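Dear colleague,

Please find the structure below, together with its sequence. My notes on it follow.

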2 protein chains.
Amino acid sequence: MKSTKPITKDQRPNQRLFVSSDLSSDVLVTLEEGQAHYLVHVLRLSLGVQVLVFNGRDGEWLAELKSISKKSATMQVSQQTRPQDYPADLTLYLAPVKGDRTDFIVEKATELGVAHIRPVLTDRTIVRKLNQDRLSARAVEAAEQCGRLSVPEVAPPVPLSALLCAKMTECVVLFADEAGGCPSIQVALADRPLKVGLLIGPEGGFTPTERRALRACSHIRPVSLGPRILRADTACYAGLVLIQNCWGDWAYSLSCNKA
Amino acid sequence: MKSTKPITKDQRPNQRLFVSSDLSSDVLVTLEEGQAHYLVHVLRLSLGVQVLVFNGRDGEWLAELKSISKKSATMQVSQQTRPQDYPADLTLYLAPVKGDRTDFIVEKATELGVAHIRPVLTDRTIVRKLNQDRLSARAVEAAEQCGRLSVPEVAPPVPLSALLCAKMTECVVLFADEAGGCPSIQVALADRPLKVGLLIGPEGGFTPTERRALRACSHIRPVSLGPRILRADTACYAGLVLIQNCWGDWAYSLSCNKA
């Protein structure tokens, strides 16, 4: 009963919802209060309306709004519309930045297809406390909107030293080195490692000591992000786009388009 | 007296200021009230401090804070540190989006090196009034911060029809077509046009009529921006990064790094 029936673009409901329940044919999914409120009072969906649901494990399914109460709602799952897929093993190691820029970074990193988001505390990191629940909610929202079938985990922050010491097998971490004269991302990933990380420093960049330590690590490679000095959030977007384009799932979808 | 003396990274003042005056050796530049206030009261710079100034025409110069009064300040220009350069002829045609996302797009587009920013009003554009002064100020601030020697002009909005009818010589405009199956930006720019534009639609995308009209224009080419549905602001960043990487000034700086 788990055969996937692809639906056409016109048949696709606009609304996608990330749920925690297991998904299979005819199963009833109970939505928690927040999601029920969102569907019924914000989107004003009524009984019988179809939405798409996914949980990061069982692919994407059609589901119909079956009942609404004050504090919850239930949906009946019908057919699978897409089988589960998994993003390229790409991690964003991100020194948190001020204001709502960290929230935007989580949103964009999700759209750009990262598998994991790991905040990193460096010497010059000013923002040292993060609201992980808020960031995770932003990742869920972005995943629902951009059509992906999984939500990147927003992990608790670690100090930069943890990244330096880590025994990372088959993983290459790129860091944007402002010193210049570094290879492009394409060149740095020419040996096509199995896992890739992108490390972006805080507003003030890395300290000279941190840069020396990063450059001394065999699994960390300095890269250049063009001729101008990019803000931390811009550097995240630029780095992730270039990684996806030459190594990740854009490389795959684009080479298909070329053929 | 206009020979450029490059200064080392350690000698470079942190503060860069965009001014309207002509710049040459020994000239006195009078700052307007807003800039004087910013230097003296926000940055707390005192007499004798050096900053870098640029005006988009005469390159970048060292200047020293010479006098401060309540409503203005003067700076004496000394030596040129970089000759004027000009960005690749890249225009962002942007349907304004809600909230502060348009401001962020102007900031990032400036950092990513666009020459012109032209808001475009489409059928589904919700935000139809723009505060051009605020957007221009954001472009100035981003240019000062990212080290570029010119500020992209934020032009007044035009309807999409103006872009469709325009006789654009030697210019290719790329638009992100959600229909899929389009070539990558690398493939679309393989003939290396002299001028490039990137057109990004509003939150709801282009209407079917608009898409047909865009596809019928000889100077407009559909491109793919990866396998997920990107928000308008994310699409701007992704498109500009990929254009700069294969066609613009990143291509140049990166091929130098490779050599």
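Which hand does the crossing of H2(A) and H3(A) have? The crossing is right-handed, a term that applies if the near helix is turned clockwise from the far one by less than a right angle, left-handed being the anticlockwise case.

Before the details, a word on conventions. This is a predicted model, in which local features need pLDDT of at least 70 and side-chain atom pairs count only at pLDDT 80 or more, while totals for chains, interfaces and linings use all residues. Residues are numbered from 1 along each chain as its sequence is written, chains are lettered from A and ligands numbered from 1 in the order in which they are written, and side-chain values use heavy atoms, with hydrogens and water left out.

Chain A

The secondary structure of chain A consists of 8 helices and 12 strands; helices (H or I, at least four residues) and strands (E, at least two) are DSSP runs numbered from the N terminus. The C-alpha trace of chain A spans about 60 × 45 × 30 Å along its principal axes. Chain A has 259 residues, of which 52% count as buried (under 20% relative accessible area, with exposed meaning over 50% and partly exposed in between; 1.4 Å probe, protein chains only). Its accessible surface is about 11800 Å², and carbon and sulfur atoms hold 53% of this (Shrake-Rupley method, 1.4 Å probe; for residues, only the protein chains shown count as cover). Among the contacts in chain A with a separation of 6 or more, 75% are between residues 24 or more positions apart; a contact means heavy atoms within 4.5 Å.

To return to the helix pair, the axes of H2(A) (residues 101-111) and H3(A) (residues 132-146) come within 8 Å and cross at roughly 35°. Axes are lines fitted to C-alpha atoms, for helices over the stretch in contact, and angles run from 0 to 180 degrees between N-to-C directions. On the H2(A) side the residues involved include Phe104(A), Val106(A) and Glu107(A), and on the H3(A) side they include Leu135(A), Arg138(A) and Ala142(A).

Two loop residues of chain A deserve mention. Thr207(A) lies between strand S11 (195-200) and helix H6 (208-216) and counts as buried because its relative accessibility is 11%. Leaving aside residues up to four places away in sequence, Thr207(A) touches Asp123(A) and Arg124(A). Asp26(A), in the loop between strand S1 (16-18) and strand S2 (28-31), is exposed, with a relative accessible area of 52%. Asp26(A) has a positive phi of about 70° although it is not a glycine. Most residues other than glycine have a negative phi.

Chain B

In chain B, Asp26(B) likewise has a positive phi, of about 70°, without being a glycine, and it is placed in the loop between S1 and S2.

An open sheet of 5 strands has the order S1-S3-S4-S5-S2 in chain B, with mixed pairing; two strands pair if DSSP finds at least two bridges between them. S1 and S2 of chain B are at the edges with a single partner strand each, so one side of each is left without a neighbour in the sheet. From one strand to the next, the twist averages 40°.

S3(B) (residues 50-54) is joined to S4(B) by 5 bridges, and the two run antiparallel; the bridge partner of Gln50(B) in S4(B) is Glu64(B). S1(B) and S3(B) run parallel, joined by 3 bridges, and Phe18(B) stands opposite Phe54(B) in S3(B). Of the 5 residues of S3(B), 4 are buried, so this strand is largely enclosed by the rest of the structure. The hairpin of S3(B) and S4(B) has 5 residues between the strands, and in it Gly56(B) takes a positive phi near 85°.

In H1(B) (residues 33-42), the residues Gln35(B), Ala36(B), Leu39(B) and Val40(B) are buried. They cover an arc of only 115° around the axis, which puts them on the same side of H1(B); the arc is that of the directions from the helix axis to the C-beta atoms. The buried residues of H1(B) pack against strands S1, S2, S4 and S5 and helix H3 of chain B. Arg44(B), which follows H1(B), has a positive phi near 55°. H3(B) lies across S1 and S3 of chain B and runs at about 145° to S1(B).

With kind regards
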